[in-house]
Amino acid sequence: MVPSKAPRHFLTLNDVNSAELQHIIARAIELKALLRQGKAPALFDNKVLAMIFEKNSTRTRVSFESGVAKLGGHAIFLSTKDSQLGRGEPIEDAARCIASMVDMVMIRTYGHATVERFAEYSRVPVINGLTDEYHPCQLLADIQTYVEQRGSLAGKTVAWVGDGNNMCNSYIQAAELCDFELRIATPKGFEPEDEFVTPYQHRASVSNDPREAVAGADLVVTDTWASMGQEDEKKQREKIFIGYQVNKELMSYAKSDALFMHCLPAYRGKEVSADILDAPDAVVWEEAENRMHAQNALMEFLFNQ
């Protein structure tokens with residue numbers, strides 16, 4: 001049966017507007033409270049989420065699978081290592097078949113074009129669980145965490161220190177949607193590509209000076225220096241990024257009540273010092289848990305479109 005209207009997908013943060021994003025964050029906080037009170041609503045009763053993983057995962061799998069189960073639904077894990085997707089089946093064919101049997105699809109993969117192609121041929125909502133270009137679900141968790149801890153991000157200053165990667169690209173979009181200033185500091189040659197920055201030059205600035213980026217910041221964010229698929233560059237990157245570690249000296253340039261976030265896994269002594277990761281203003285564990293709550297709110301939003 002063909003749906004009466006095209007499904008609503010979530011492939012980047014720009015697939016929602018500012019008001020919708022605020023609604024999702026508020027609902028995530030509400031659902032989190034209900035779960036902790038033992039009053040979880042059966043929002044996903046009789047709903048099935050297909051989770052397709054080309055990239056390995058810990059937090060993405062656990063947060064989606066657990067979140068769906070806690071709200072009455074079921075999740076199916078599919079790896080390209082043990083399904084036809086890894087044996088050359090066209091994305092279009094896989095999308096048509098999988099979408100005919102489930103209610104929503106989450107994909108964690110390499111090229112963003114893969115998610116876009118799958119969504120084009122899917123009759124159910126598709127969520128980007130991570131691509132090399134974007135990581136929008138993590139941004140939902142980060143925004144929720146900041147709102148819980150400090151209130152609105154509007155008018156705040158956020159510093160991104162490290163690689164101009166998928167997280168950085170999603171933070172650029174978040175700056176526009178949440179009305180904050182983003183300062184990006186990367187080593188030379190590791191800046192986010194112009195196509196991601198140029199439309200948001202009024203929000204995001206790029207430099208090679210981490211102290212300049214962090215000065216007066218309300219939130220400091222970093223990520224691993226070598227993302228999945230870049231393992232062969234790890235040793236070389238560690239040498240290049242050595243001056244971009246988030247540590248006490250760098251955090252001293254931020255506001256006294258600045259928060260620190262990291263999407264994890266974190267490598268103590270590399271992109272972040274151990275004392276910063278374990279400090280009270282490092283909200284990485286709340287941030288990790290909020291993946292589940294933010295994604296639950298997102299899925300409810302997409303189901304209701």
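Glu-193 lies in the loop between strand S6 (181-185) and helix H7 (194-197). Helices (at least four residues) and strands (at least two) are DSSP runs, numbered from the N terminus.

## Basis of the model

This is a predicted model, in which local features need pLDDT of at least 70 and side-chain atom pairs count only at pLDDT 80 or more, while totals for chains, interfaces and linings use all residues. Residues are numbered from 1 along each chain as its sequence is written, and side-chain values use heavy atoms, without hydrogens and water.

## The sheet of five strands

An open sheet with parallel pairing is built from 5 strands in the order S7-S6-S5-S8-S9. Strand S7 (204-207) and strand S9 (259-262) each have a single partner strand, so one side of each has no neighbour in the sheet. Strands pair if DSSP finds at least two bridges between them. S5 (157-161) and S8 (219-222) run parallel and are joined by 3 bridges; Ala-159 stands opposite Val-220 in S8.

## The sheet of four strands

Another open sheet, again with parallel pairing, has 4 strands in the order S2-S1-S3-S4. Strand S2 (74-79) and strand S4 (126-130) stand at its edges. S1 (48-53) pairs with S2 over 6 bridges, and Leu-49 has Ala-75 in S2 as its bridge partner.
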